[in-house]
Amino acid sequence: MPPPLPHPGECEDCAPGAPGRVRLRRCTGCGHVGCCDSSRGRHAYAHFEETGHPVAVSLASDEAWAWCYADEVFLVRDGG
């Protein structure tokens, strides 16, 4: 697996400092960072709808998974 891309630390589509962001997801296709489905903007899902890039990885340090929007399935990261 390639090393993780740097990310801005906040959703690229939410207004700076806007309330309502919960967790961040990074698109494995292009590196876009969007807020999760529990956030007001749901920008990670909107990115999938706009681009068709199906997989987003969680950027939360306590989460080791990715989500495939196309197949609606969790992808668990290998610990090795």
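Cys30 is in contact with His47 and His53, its neighbours within four places in sequence left aside. Contact here means heavy atoms within 4.5 Å. The model is predicted: local features need pLDDT of at least 70, side-chain atom pairs count only at pLDDT 80 or more, and totals for chains, interfaces and linings use all residues. Residues are numbered from 1 along each chain as its sequence is written, and side-chain values use heavy atoms, with hydrogens and water left out.

Cys30 sits in the loop between β1 and β2 (33-35). Strands (E, at least two residues) and helices (H or I, at least four) are DSSP runs, numbered from the N terminus. The relative accessible area of Cys30 is 42%, so this residue is partly exposed. On this scale, buried means under 20%, exposed over 50%, and partly exposed in between, with a 1.4 Å probe and protein chains only. Cys30 and Ala56 are 26 residues apart along the chain, and their C-alpha atoms are separated by 9.9 Å.

His47, His53 and Ala56 lead on to the next feature: they are among the residues that line the largest cavity. How many cavities of 30 Å³ or more does the whole structure hold? The search finds 1. A cavity is a set of points, on a 1 Å grid over the protein atoms alone, where a 1.4 Å probe fits but cannot get out; lining residues have an atom within 4 Å of a point. Points are joined across faces, edges and corners, and the volume is the space filled by probe spheres set on them. For the largest cavity, that space is about 40 Å³.

β1 (24-27), α1 (43-51) and β3 (55-58) each give at least two residues to this lining. The largest share, 3 residues, comes from α1. By type, the lining has 6 nonpolar, 4 polar and 1 charged. Ala, Val, Leu, Ile, Met, Phe, Trp, Tyr, Cys and Pro count as nonpolar; Asp, Glu, Lys and Arg as charged; the others, Gly among them, as polar.

Beyond its neighbours within four places in sequence, Cys14 is in contact with Arg21, Cys35 and His43.

A disulfide is a pair of cysteine sulfur atoms within 2.5 Å. By this rule there are 0 disulfides. Cys36 is buried, at 4% relative accessible area.

Notes: 1 Å grid on protein atoms, 1.4 Å probe; cavity = no way out; pocket = protein on both sides within 12 Å on 5 of 7 lines; lining within 4 Å.
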